[in-house]
Amino acid sequence: MNAEFKTIRDIIARARASGRTALDEAAGKALLARVGIHAPRSAVVITPEEGAGHAAKMTGPFVVKVVSPEIMHKSDAGGVILNLAGPADVADAIREMSRRPKIATARVEGWLVEEMIPTGREIVIGGFRDPEFGPMLMVGLGGIFVEVLKDVSFRICPIDRRMAAEMLAELKGHALLAGVRGEAAVNQEPLIDAMLALGGPEGLLVSFADEIAEVDLNPVILSERGMMAADARFILMTEAGQPEAPAPAGAKDPLVEFAPLFFPETVAVLGASTKDVAIANTFIRRLKDFGYTGQIFPIHPKAAEIEGLPAYPAISAAPAPVDYAYIAIGARHIPDVIAEAKGRLKIAQVISSGFGEVAEGRELQADLVAKARIAGVRVIGPNCLGTYSPRGGLTFPAGAPTETGRIGIVSQSGGLSTDIIKRGQWRGLRFSGLVTIGNSADVTPHELVEFYFADPQTRAVGLYIEDIRKGREFFDLLSRYPAPKPVVILKGGRSAHGRAAAASHTGALAGDDSAWDALAAQLPVALVTTIDEFIDALLALQSLELRPGRPTQEVVLFGNGGGSSVLGTDAFAQYGLNVSPFSAEAMAPLAQMGLPPGTSVVNPIDTPVRTLQEKDGWIAGDILGHVLERARPDAIALHLNLAAFVGRGSVDPIGNLFTVIENAIHEYPDIAHFVLALRTDGSAELDERRRQYREKARLIGLPVFDEIAPMARVLSIMGHLERRFAARGQAS
């Protein structure tokens, strides 16, 4: 392939030497030929007579296209004429196009005379360079349909054959390739070969990522004669990326590198006041209240004591080296404060704003990072709120749970992080750690994700991200880490950039969130759109074991309230999950139970309050036993309307129901995920009762949701993650 690549570089170099920002079509097709993508015979001519002469040596019908560096979209300019029968028609077409207004005023370098491709299925294959994740590949229905139907699929490069097949299967028009209404299926293997030639490990988009900005092969024609590219457009890179500050030297063990952040034995606090209650004073007070057992060193240029603790004029004057510094002083002083701490400080979390989040602070942020690198200090932030680590006794919100949990969080928003901790706390979520990273000037999101991947305490990772910073390194971590954990991403600012000025169909079709959607489509990542979905998904991952060998699809819905069961079934269907009637074999023991009138056991299982009160609530265990033995679903989704139990006898079966579920989880550990929706009427009394039940549920590993629809959404996320882990296992 080296010789072919040299030829490709020569083609690109010649285009650049002539001042072009894109390859002309003939050069583009010559480039494609070097990677095995075929195009029809063609020739570039200057005059109508020369066009007729070349057509006489080829087989008609013909197409003629204008060749001009000033005309990117030839059809829009009237620069394409199809179905020309012979040489004379070719000459006439060239004369006619040369008179069209948009062509007559442009710099025309010639005319491409080409044999027309036999009719077939029209496909578009394209690529572009995403600013965060690098090269991406697109495939979809081509020709005029690509912009009308927008039936396309994206992946971050490189892809393999399995991913290419998945992309094609995602298309709404995939049936047109597979054969529909009596039409023969087309051979998709040449199309997959072409997708790999562009986006595979040695594809053009990967090997020439520094040269190629956008690619359009539109249309690519699939016919009984194989596959040919009817049109090829290559947009070249015009600007080199800005160099980043050099990374810290040497590969480090993330558990070692970030131990001072999550398990600090010494904490320095900069910005506390002797007169007012500044944010740094509040931080010291919350550390004490939280039970931090290490040493706290207030740093102040003049004070002898702050918050009852001895103060020191500089980090270098503290009585012991500092693991973690909480810095909330004026922004312009911070780079020098960190530089002065050389050898005495490991990690600094800069709370202060006024850095790269505003134009006038970008130079100051660069100075901060540069001086921290020289001093051997890793910087979290700036422009953030702090770190919460129950294991290390570190907190910034008040009243955060002290129990160590299984969920690791990275967040670019400090305020949203407080919501995640506190709302998650009431929902039963417990954390192994949460770091607010603000501008991510030094420590990037993927570095902290790698810590959580390596951390045996962490089971799943959640990210609130606005700017991923080093998207390619983040993608590589998720795709190459030997044993990744499920990742849930709440992405802010998915519509911030826009691609209105894109030069190709592919670039225009790549919406602002296409790279993130592709990330979730090809890796064990779930994208959510609200903080409630974020907490819901992590709540499930905290308790439920993913089963890649049997992804969640078949669900049994079990609860009280006929209308709720109907709406619940609709909700599961909306998320692609099945609430299917039981087989005769599974139904038989349920039908023989002699349950009270009004009970339905078909699936959904609809059990009125009277039924659930049978045997003081233990009847639910009998029902579940039959279901798990005979139906063996992927998930049991229970739902209870708490208001329906008010004033309905002396028996509250719900307490016993938790014991029933706990027993079922232990007795059938590999059969089904158990989830529960506890619905209330909004009254303070029932909301408080639900809160109490939530705590019981947390202790037995049962995720609890407020409604059926969020529960359905979470189980769909579980299924997605399970399928992605299964695919990853197949690939490895």
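Buried means under 20% relative accessible area, exposed over 50%, and partly exposed in between, with a 1.4 Å probe and protein chains only. This is a predicted model, in which local features need pLDDT of at least 70, side-chain atom pairs count only at pLDDT 80 or more, and totals for chains, interfaces and linings use all residues. Residues are numbered from 1 along each chain as its sequence is written, and side-chain values use heavy atoms, without hydrogens or water.

**Figure 1. Overview of the chain.** The C-alpha trace spans about 95 × 80 × 40 Å along its principal axes. The secondary structure comes to 28 helices and 30 strands. Both are DSSP runs numbered from the N terminus: helices are H or I with at least four residues, strands E with at least two. Of the 732 residues, 55% count as buried. Contact here means heavy atoms within 4.5 Å. Among contacts with a separation of 6 or more, 73% come from residues 24 or more positions apart.

Figure 2. E25 covers residues 555-559, and five of its five residues are buried. Val555, Leu557 and Gly559 point one way, while Val556 and Phe558 point the other way. Two strands pair if DSSP finds at least two bridges between them. E25 pairs with strand E28 (residues 635-641) in the parallel sense, over five bridges. Within E28, Ala635 is the bridge partner of Val555. Strand E27 (residues 605-606) also runs parallel to E25, joined by two bridges. There, Phe558 has Ile605 as its bridge partner.

**Figure 3. Nonpolar cores.** A nonpolar core is a set of buried Ala, Val, Leu, Ile, Met, Phe, Trp, Tyr and Cys residues joined through side-chain atoms within 4.5 Å. The largest has 59 residues, and Phe474 and Leu519 have the most contacts inside it. Leaving aside neighbours within four places in sequence, Phe474 is in contact with Phe133, His446, Val449, Leu463, Ile468, Ile489, Trp516 and Leu519. A second, separate core has 48 residues, including Phe290, Ile420, Ala637 and Ile708.

**Figure 4. The Tyr388 and Phe431 ring pair.** Rings of Phe, Tyr and Trp (its six-membered ring) pair if their centres lie within 6.5 Å; planes under 30 degrees apart count as stacked, over 60 as edge-to-face and the rest as tilted. The structure holds twelve aromatic pairs. In one of them, the ring centres of Tyr388 and Phe431 are 6.0 Å apart and the planes are at 70°, so the pair is edge-to-face. Tyr388 lies in strand E19 (residues 387-388) and Phe431 in strand E21 (residues 431-436), so the pair ties together parts 43 residues apart in sequence. Both Tyr388 and Phe431 are buried.

Figure 5. Phe451 is buried, at a relative accessible area of 0%. Tyr452 is buried too, with a value of 0%. Ring pairs link Phe262, Phe451 and Tyr452 into a cluster.

**Figure 6. Arg691 over Trp426.** A charge sits over a ring if NZ of Lys or CZ of Arg is within 6 Å of the ring centre and within 35 degrees of the ring normal. The charged end of Arg691 sits over the ring of Trp426, 4.2 Å from its centre.

**Figure 7. Two buried cysteines.** Cys157 is buried, with a relative accessible area of 0%. Cys384 is buried, with 6%. A disulfide is a pair of cysteine sulfur atoms within 2.5 Å. A search of the whole structure finds zero disulfides.
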